[in-house]
Amino acid sequence: GAEAIGNRIYGGRMGNAADEGYKYRGRGLIQLTGRSNYQAFADSLEMNVEDVPAYLATFEGAAQSACWFWEANNLNQYADNGDILTMTKRINGGTLGLDDRKKHYQHELHVFGV
């Protein structure tokens with residue numbers, strides 16, 4: 001099921017043990033993923049990493065994790081410069097979906113009259 005798939009995809013990566021991929025799967029508005037990110041987020045809030053999965057399922061946790069990730073990865077400088085490539089790499093670790101993001105970014109600039 002989903003747990004087996006999550007462990008196969010994320011197990012043994014991003015600070016996860018082989019059987020923790022599903023537990024530390026993407027959650028929140030920016031999809032915080034991996035025990036390493038969960039631990040850093042937990043540390044910033046002085047909470048136990050074991051409590052983070054449930055917290056990310058709340059509105060407050062989903063929003064707060066996105067703000068934390070944005071700030072921790074200095075994404076504002078790339079947003080201000082319209083550097084969609086670097087933002088995509090910082091958030092996703094690669095460039096999957098880059099063309100679609102660029103298209104939506106250009107559309108949003110047009111909608112906002114920029």
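This is a predicted model: local features need pLDDT of at least 70, side-chain atom pairs count only at pLDDT 80 or more; totals for chains, interfaces and linings use all residues.
**The chain as a whole**

The secondary structure of the protein chain consists of 7 helices and 0 strands, giving the pattern α-α-α-α-α-α-α along the sequence. Some overall values for the chain are set out below.

| Property of the protein chain | Value |
|---|---|
| Box filled by the C-alpha atoms, along the principal axes | roughly 45 × 30 × 20 Å |
| Share of the 114 residues that count as buried | 28% |

Among contacts with a separation of 6 or more, 25% join residues 24 or more positions apart.

**Helices α2 and α4**

Helix α2 spans residues 35–45 and helix α4 spans residues 59–72; their axes lie 11 Å apart and form an angle of about 100°. The two helices are therefore roughly perpendicular to each other. On the α2 side, the contact is made by Asn37, Ala40, Phe41, Ser44 and Leu45, while α4 contributes Gly61, Gln64, Ser65, Trp68 and Phe69. By class, this contact has 5 nonpolar, 5 polar and no charged residues.

**Serine 65**

Serine 65 belongs to helix α4. Its relative accessibility is 2%, so serine 65 counts as buried, the cut-off being under 20%. A polar atom of the serine 65 side chain lies 2.9 Å from the backbone oxygen of alanine 62. Leaving aside neighbours within four places in sequence, serine 65 is in contact with Arg27, Gly28, Leu29, Leu32, Phe41 and Leu56. Of these residues, Phe41 is one of those through which α2 contacts α4.

Definitions and conventions: Residues are numbered from 1 along each chain as its sequence is written. Side-chain values use heavy atoms; hydrogens and water are left out. Axes are lines fitted to C-alpha atoms, for helices over the stretch in contact, and angles run from 0 to 180 degrees between N-to-C directions. Helices (H or I, at least four residues) and strands (E, at least two) are DSSP runs, numbered from the N terminus. Angles under 35 degrees count as roughly parallel, over 145 as roughly antiparallel, 65 to 115 as roughly perpendicular and the rest as oblique. Contact means heavy atoms within 4.5 Å. Ala, Val, Leu, Ile, Met, Phe, Trp, Tyr, Cys and Pro count as nonpolar, Asp, Glu, Lys and Arg as charged, and the others, Gly among them, as polar. Buried means under 20% relative accessible area, exposed over 50%, partly exposed in between (1.4 Å probe, protein chains only). A polar contact is a pair of N or O atoms within 3.5 Å; within protein, one must be able to donate a hydrogen and the other to accept it, and residues adjacent in sequence count only if both atoms are side-chain atoms.
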